Amino acid sequence: VLGFLLSSYVFFDYNLIDVGYYYIVPWIIFGWWLISVTYLQHHDPNTLVYDDKNWKFVDSAFETVDRKFGYGIDTLHHHITDGHVVHHLFFTKIPHYNLPLA
């Protein structure tokens, strides 16, 4: 990461504002979005938490949450947000773009 930022700094003629604008700010926004969506898909006030003794894959998969973001966001994310339970149950069989059909 440090090498990438250094090469970007040189590429933009030693201009930190351009490096920040084109790389650092989008990187922070992407990281925030990825963490936020992942957290929301796996947490809910009604979600049960299993310990090692009683954890089962299928039971845990049903504890994930389907959330509709709308405004084209679900399509942009290949419906991983609104088909998240199906994604956990059939992740080796159904590609993300076919989740609405499942």
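Modeller: Helix H2 covers residues 16–42, and at 1.5 Å a residue its 27 residues should span 39 Å, which agrees with the 37 Å between its end C-alpha atoms. The expected span here is 1.5 Å times one less than the number of residues, and helices are DSSP runs (H or I, at least four residues; strands are E, at least two), numbered from the N terminus. Please keep in mind that this is a predicted model, where local features need pLDDT of at least 70 and side-chain atom pairs count only at pLDDT 80 or more, while totals for chains, interfaces and linings use all residues. Residues are numbered from 1 along each chain as its sequence is written, and side-chain values use heavy atoms, leaving out hydrogens and water.

Along H2 there is a kink of about 30 degrees at Ile24, shortly before the proline Pro26; the bend is the angle between axes fitted to the seven residues ending at a residue and the seven starting there.

As for burial, Val19, Gly20, Val37 and Gln41 are buried in H2, buried meaning under 20% relative accessible area, exposed over 50%, and partly exposed in between (1.4 Å probe, protein chains only). Among what covers the buried residues of H2 are helix H1 (2–11) and helix H5 (84–89), with contact taken as heavy atoms within 4.5 Å.

Moving on from H2, the loop between H2 and helix H3 (57–61) holds Trp55. With a relative accessible area of 47%, Trp55 is partly exposed.
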